[in-house]
Structure formats: structure tokens, C-alpha cells
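Please read them with the structure open.

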Amino acid sequence: MRDLALSAVVAVLLLVALKHPVVGAYLYTWVSLMNPHKLTFGFAFNVPFAQIAAITTLVMVLLTRKRQALPLTGIVVVQLLLLAWMSVTSFSAFASSDSVFERWVFVLKIHVMLFATWMLVTDAKKLRVLIWVVTLSVCFFGIKGGVWTVLTGGGGRVWGPPGGMLQGNNELAVGLVILMPMLYYLRETTPHRWVRHLLLFFMVTCAFSILGSQSRGALLALASMAFFLGLKGKHPVRTSVLLVVLVVGAIAFMPENWSSRMGTIRTYQEDTSAMSRIWTWITLWNAAVDHPLTGVGFMADNQAVFQRYAPLDGQWHIFAGAVYVAHSIYFQILGEHGFVGLGLFLLLWLTTWVSANRVSRRAREHAEFASWMPLLMRMVQVSLVGYGAGGAFLSLGYLDLPYYIMGFVVLCQALLRRQAPAASHVAANVPPRAGPAYAQVAHRGPGR
């Protein structure tokens, strides 16, 4: 039954996308983030819905007039430079050419679909729909996991959408941390009281889900995100108090074994898992120092890299022969693309942060944007804090979710750019004011 229902929904949306191409972008975003077909048990389980949606969307981008040019903002320029540099580093990768090419195509597809989405989201209404789609596609698992955490007394771990980049408990938790500010934004800008109450329920359950993942990195990310959410919220004092009550209450609810696991943050030197991450970071650092420009290319988690650069003296001998993923967005990008790649990666997020500040200031000058765009930009910054903190302990350098968040800034920049020429045109056609009563006289016209 699930298979038929999902297939019917996708088929209808594909047909609608032929007339309204932006629906194809929404469909791809939903399927790629949520992987709903992996929740079925029949024929739909292996149907490449995301690929079908992507092809349909790209074809419509070429055929439709309901699109805008790709917004070539500073963010997009840095993004293109980063993609170009990743392509360069692929030629000197240590891993097999097949695995490197597969990862390169995977990363490229993510960004091509981001560009297609930005070209089709041409107004504020479409942007708001995109925010809803991105947020609920992932938060669905946070809501479900939060309810399950409460019902089971926090006795088990919460897992993400099967088959996706957020499948693991740690990855899902960081994804939810990234999206909690978007839930807050939607709640603060929704006029319907019942929707606001529902979104508050979503925030509470997602908080329980983050804790229920038993991810130590996500706990630190949650604390960092909550602190900035309090600072940049619409009502800083009230929001901060609410968040403190929510997080402290949720932590107090969790069982003793959860507290014991979180306590290992202080005693990481006695934890093999934590020490293996540090050992991996040293390995990738050594690789980057030896190849400072290009790193060792995609898929640095291979025997060739670890045999050559992993330290094995002293306490590290217990990891001899092991190969681990980076467990850090920073060391992942550094090891695979060198110091140039890491510099571009950090510059991309710094540019996003600075651009969000500029958009927020400019939006206050336009009545149609002032009520929602500044808050959205602040919440984007809070999401970036969550990604930066949680990503420090996970290999999520190529995760598409934070790039969608980044895209909200790109799309707001495009909206403001279109508004500026319109405002200039109106100003150019208004005669200079002769005095306080000019507008009233001009409105009455001669002979009155």
C-alpha cells in the first residue's frame, strides 16, 4: 500500500512539474533528503525517484521561461571555485579512479540540483515553500524519533532515513540541530495559532530526538545552536529561557546510561572511539602537510593513505592497520583537498554569514521583506553554528542540507536585487517634492 501511495504522489507531482517546474525542484528536495521510498516494503524500495525527479527538473529548467538566471552572488562564486578545486584534486587522488570518480559525480550532482532549484525559486512564496520542504523532510524523523524516545524512556538510539547521508544516529542528530532554527523561523512567521503550536511540538520532539540519538557531538552542537538561537531569536530573553527549560528538562528525562555516555566527553582519553578520531585527524593532517595544495583527493579513507601517514608509535599502535573516515568536516576537506580546499570551504561559510548580515540590513528597507527576511537570515546563521559545531565530529563535508540553508541567503539576495531596480524606477518617475503639501496637490490635479 505504501508503494502504491508513494508512486501515485510522485507521479502526480511529476505531472504538475511539467506546468510548474519549481514543483520538480521541491520533489527532488523531498526525495533526496527524506528517502521516502526506503520506508516502503515492495517494488518502490529500489525505484530511483530522486534520479527521475532530477532529470525532469533539469529538462524543465532548459525548456521553461519560469526561471531566473543563476544568481551569481559572492556565495555562488566561491561555491563554483570550491567545486572546480575539488575537480583538480581528483586527478592526484590516492584512492582508485573509479571510487574517486563516483564521489566526484555524487558531489557534482548535489550542487547542480542546488543551482537548478535556485533558478526555479523566483519569489518569496516559492522560497517559503522550499523552506517548509527542506525542514519537514528531515524533521519527520526527528518528530518520530522524539516521540519514540519519550515513550521508551530514552532507552534506545534514534536513527535517520535509511540509505541517506543522515542515516546514522550521529548524522541525523546534527541534521536536526541544523534545522531547529528553521522550525523556529517558521513558527515565528506563521499567522495561524494552531500551526505555531504544532511547530513548537516539532521543536520539542526534535530536541528529544537529538538527545535520543546518544550522540556526544550532537549534544555539544545542540548547546552551541541553542545559545545562538537565544541571542538571535525574535525575543532573545523569552527564547533563551524557553530553550534552557526545554534542553535541561529533556536532559533530566534521559536515563542513567545516557548520562554516563555523555560523561565520556570529559574523559575522552579513556574512550577508544574518541581516540581513533584524533588518530585519524593526525593522519589527515600529515597527508595535507605532505600535499598542502591538493591533499590526497576524494575518498581519503583508504589503506594507501593510512599506511603512509598514520602515526603508529606510542599509544597509537593499537590502531595499526585500521582505516577510518575523517569524522570531521574540517579534517575531511583538509585531507582530501589540501589547505587550498579547506580555505575555500571555510570562505564559503564565512561569505554566507557575512552575506546574511548584509541581506538582513537591506531587507529592513523594504516593507514586503522586513517582517520575515531579517529573521530568516539570523536563523541561517544559527543553523551554520549548529553545522560548524556538529560537523567538527562527523564526515559531513558534502552533506547537501547545509547547502540548502546557504541557498536561502542566495535566493534572498536575488529577491533584493530584483527589488532594487524596481524601486529605482519608481523613484526616477516621481517629481521632486516642492513642500509638505506637494503630494496632496499633485493628487488633486489641476482645476480642482
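1. The largest pocket has a lining of 28 residues, and those nearest its centre are Tyr28, Ser32, Asn35, Ala50 and Phe106. A pocket here is an open set of points on a 1 Å grid over the protein atoms alone, where a 1.4 Å probe fits, with protein on both sides within 12 Å along at least five of seven lines; lining residues have an atom within 4 Å of a point. Helix H2 (22-34), helix H3 (49-63) and helix H5 (97-120) are the elements that give two or more residues to this lining. H3 gives the most, with six residues. Helices are DSSP runs (H or I, at least four residues), numbered from the N terminus.

2. This is a predicted model, in which local features need pLDDT of at least 70 and side-chain atom pairs count only at pLDDT 80 or more, while totals for chains, interfaces and linings use all residues. Residues are numbered from 1 along each chain as its sequence is written, and side-chain values use heavy atoms, with hydrogens and water left out.

3. The space in the largest pocket is about 690 Å³. A volume is the space filled by probe spheres set on the grid points, which are joined across faces, edges and corners. By class, 18 of the lining residues are nonpolar, seven are polar and three are charged. Ala, Val, Leu, Ile, Met, Phe, Trp, Tyr, Cys and Pro count as nonpolar, Asp, Glu, Lys and Arg as charged, and the others, Gly among them, as polar.

4. The second largest pocket holds about 490 Å³ of space. It is lined by 24 residues, with Arg103, Val325, Gln332, Ser395 and Tyr398 closest to its centre. H5, helix H12 (272-290) and helix H14 (329-363) each supply at least two lining residues, and H5 has the largest share, four residues. The lining divides into 13 nonpolar, six polar and five charged residues.

5. His111 lies in H5. Its relative accessibility is 6%, so His111 counts as buried; buried means under 20% relative accessible area, exposed over 50%, and partly exposed in between (1.4 Å probe, protein chains only). Apart from neighbours within four places in sequence, His111 is in contact (heavy atoms within 4.5 Å) with Gln79, Leu83 and Tyr403.

6. Val9, in helix H1 (residues 2-19), counts as partly exposed because its relative accessibility is 40%. Val9 and Leu27 are 18 residues apart in sequence, and their C-alpha atoms are 9.8 Å apart in space.

7. How many residues of H16 are buried? The count is 17 of 18, so H16 is largely enclosed by the rest of the structure. H16 (residues 373-390) reaches 26 Å from its first C-alpha to its last, close to the 26 Å expected at 1.5 Å a residue. The expected span is 1.5 Å times one less than the number of residues in the helix.

8. Helix H9 (residues 216-232) has 17 residues and reaches 25 Å between its first and last C-alpha, close to the expected 24 Å. The buried residues of H9 include Arg216, Leu219, Met225 and Lys232.

9. For the chain as a whole, there are 18 helices and zero strands. Of its 448 residues, 52% count as buried. Among contacts between residues at least 6 apart in sequence, 80% join residues at least 24 apart. The accessible surface is about 20600 Å², and 66% of that belongs to carbon and sulfur atoms. Areas come from the Shrake-Rupley method with a 1.4 Å probe; for residues, only the protein chains shown count as cover.
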